[in-house]
Amino acid sequence: MTDTQYIRDRLNRPMKDLRISVIDQCNFRCTYCMPAEIFGEDYRFLPFKELLSFDEIVRLTEIFAKFGTEKIRITGGEPLLRKNLNQLIKRLYAIDGIKDIAITTNGVFLTKQAKKLKEAGLDRVNLSLDAIEDDVFKEINGRGVKTKPVLKGIEAAQEAGLQVKINMVVKKGLNDSQILPMARYFKDSDVILRFIEFMDVGNHNGWNMDTVVSKQEIVDRISGEMPLEPVEQNYYGEVASRYRYLDGGGEIGVISSVTDSFCGSCTRIRLSADGKLYTCLFATEGYDIKTPLRENASDHQLILELIKLWSGRTDRYSDERAEGKPLKREKIEMSYIGG
């Protein structure tokens with residue numbers, strides 16, 4: 001495998017990050033991801049038999065690791081709704097070449113699961129929290145849930161020894177009033193707060209450019225009260241622009257795929273809960289890898305398919321949007337591939 005270990009796409013981007021969705025269901029109905037008017041009580045989620053099994057996920061991850069994939073992000077839906085998730089993480093942790101395993105979650109179930117997730121090999125939690133004030137947060141999550149269960153989840157994760165990053169999607173007119181309260185709350189803590197520009201992922205979140213609060217505006221608002229300075233990126237392909245407080249009170253990040261595209265260094269491939277591979281967050285269609293898996297394809301056959309998929313990759317959606325190219329098309333929903 002040495003001659004294919006560092007396979008690159010047509011824009012010379014390596015395949016270093018694998019994002020694995022383990023379930024398409026969620027206990028929240030956030031307006032920018034799974035709005036309740038679309039994902040209502042009669043919405044048909046995937047039956048369990050359609051989800052990739054842990055054996056299938058592990059087998060694919062072993063193949064990805066042979067190509068230099070090092071980082072795993074477990075996503076959903078809400079991944080902590082998948083039973084015995086710690087068992088999957090334990091098996092992924094044991095794969096040679098995997099150096100970092102994280103999970104994206106809304107945090108509600110961490111109070112019961114954080115300790116065993118850490119013991120299984122989980123390194124980090126990326127926790128979604130879009131407001132610190134209850135009235136705003138309840139409106140966003142669509143379930144009337146207050147912030148307390150999420151904050152308790154953060155505490156449980158920290159007590160278990162997990163690194164915690166908070167992701168806040170900022171939408172103008174919905175929760176941009178929370179930028180400063182969130183910054184104040186998490187300043188001088190071990191938590192890294194990351195603001196995310198509202199993106200045009202999926203087809204039902206009501207996105208338009210007028211709803212975007214830009215990276216520059218976010219940084220200016222915070223720095224006006226708590227001065228910031230930029231920090232160099234930690235690694236190639238890091239999506240967040242980093243800033244630290246001048247008084248030593250920690251750092252924040254801003255993910256700005258709308259106003260400041262980073263397609264040129266994208267190293268991520270996504271595996272949906274039902275076994276489709278997506279080479280871009282804004283993709284229309286995925287590649288079905290579950291069918292050959294369940295038809296007993298050999299590792300060699302799967303490797304050839306993966307080489308073909310990645311080596312032909314040309315995705316640069318955010319770049320093209322910034323260039324003003326027409327991009328009207330159906331896109332896969334964020335809840336399906338986990339962001």
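## Close-up views of a predicted model

View 1. Glu217 is partly exposed, its relative accessible area being 29%. The model shown here and in the views below is predicted. The side chain of Glu217 meets that of Arg221 in a salt bridge, with N and O 3.0 Å apart. Both residues sit in helix 7, four residues apart, so about one helical turn separates them. Arg221 has a relative accessibility of 28% and is partly exposed too.

**View 2. A network of salt bridges.** Asp9, Arg13, Arg313 and Asp315 belong to one network, joined by salt bridges that share partners. In total, the structure holds 19 salt bridges. Side chains of opposite charge can pair when their charged atoms come close.

**View 3. The buried face of helix 7.** Helix 7 covers residues 215–225, and its buried residues are Lys215, Ile218, Val219 and Ile222. Seen down the helix axis, these buried residues fall within an arc of 95°, so they line one face of the helix. Which elements cover them? Several strands contribute, including strand 5 (163–170), strand 6 (192–197) and strand 7 (228–231). Strand 8 (240–245) and strand 9 (251–255) are also part of the cover. Helix 6 (179–186) is one of the covering elements as well.

**View 4. Lys165 in strand 5.** Strand 5, seen above as part of the cover over helix 7, holds Lys165. Is Lys165 buried or exposed? Its relative accessibility is 13%, so Lys165 counts as buried, the limit being under 20%. Leaving aside residues up to four places away in sequence, Lys165 touches Arg124, Val125, Asn126 and Leu127, among others. Its contacts also include Ile192 and Arg194.

**View 5. Lys290 and Glu50, a link across the sequence.** Lys290 and Glu50 form a salt bridge, and their closest N and O atoms are 2.8 Å apart. Lys290 lies in helix 8 (residues 290–294), and Glu50 lies in the loop between strand 1 and helix 1. The pair therefore ties together parts that are 240 residues apart in sequence. Lys290 is buried, at 10% relative accessibility. Glu50 is partly exposed, at 29%.

**View 6. Lys187 and Asp247, a link between two loops.** The salt bridge between Lys187 and Asp247 brings their closest N and O atoms to 2.7 Å. Where do the partners lie? Lys187 is in the loop between helix 6 and strand 6, while Asp247 is in the loop between strand 8 and strand 9. The pair thus ties together parts that are 60 residues apart in sequence. Lys187 is buried, with a relative accessible area of 14%. Asp247 is exposed, with 56%.

**View 7. Annotated positions.** An unreviewed UniProt entry places the feature "binding site" at Tyr32, Gly77, Ser128 and Met199. Two of these positions are described here.

Tyr32 sits in the loop between strand 1 (17–21) and helix 1 (54–66). Its relative accessibility is 12%, so Tyr32 counts as buried.

Ser128 belongs to strand 4 (residues 124–128). Ser128 is partly exposed, with a relative accessible area of 23%. What does Ser128 touch, not counting residues up to four places away in sequence? Its contacts are Thr104, Thr105, Asn106, Val150 and Asn167.

Note on methods. Residues are numbered from 1 along each chain as its sequence is written. This is a predicted model: local features need pLDDT of at least 70, side-chain atom pairs count only at pLDDT 80 or more; totals for chains, interfaces and linings use all residues. Side-chain values use heavy atoms; hydrogens and water are left out. UniProt positions are given in the numbering used here, feature names are shortened, and annotations may be inferred rather than shown by experiment. Buried means under 20% relative accessible area, exposed over 50%, partly exposed in between (1.4 Å probe, protein chains only). Contact means heavy atoms within 4.5 Å. The arc is that of the directions from the helix axis to the C-beta atoms. A salt bridge is a side-chain nitrogen of Lys or Arg within 4 Å of a carboxyl oxygen of Asp or Glu.
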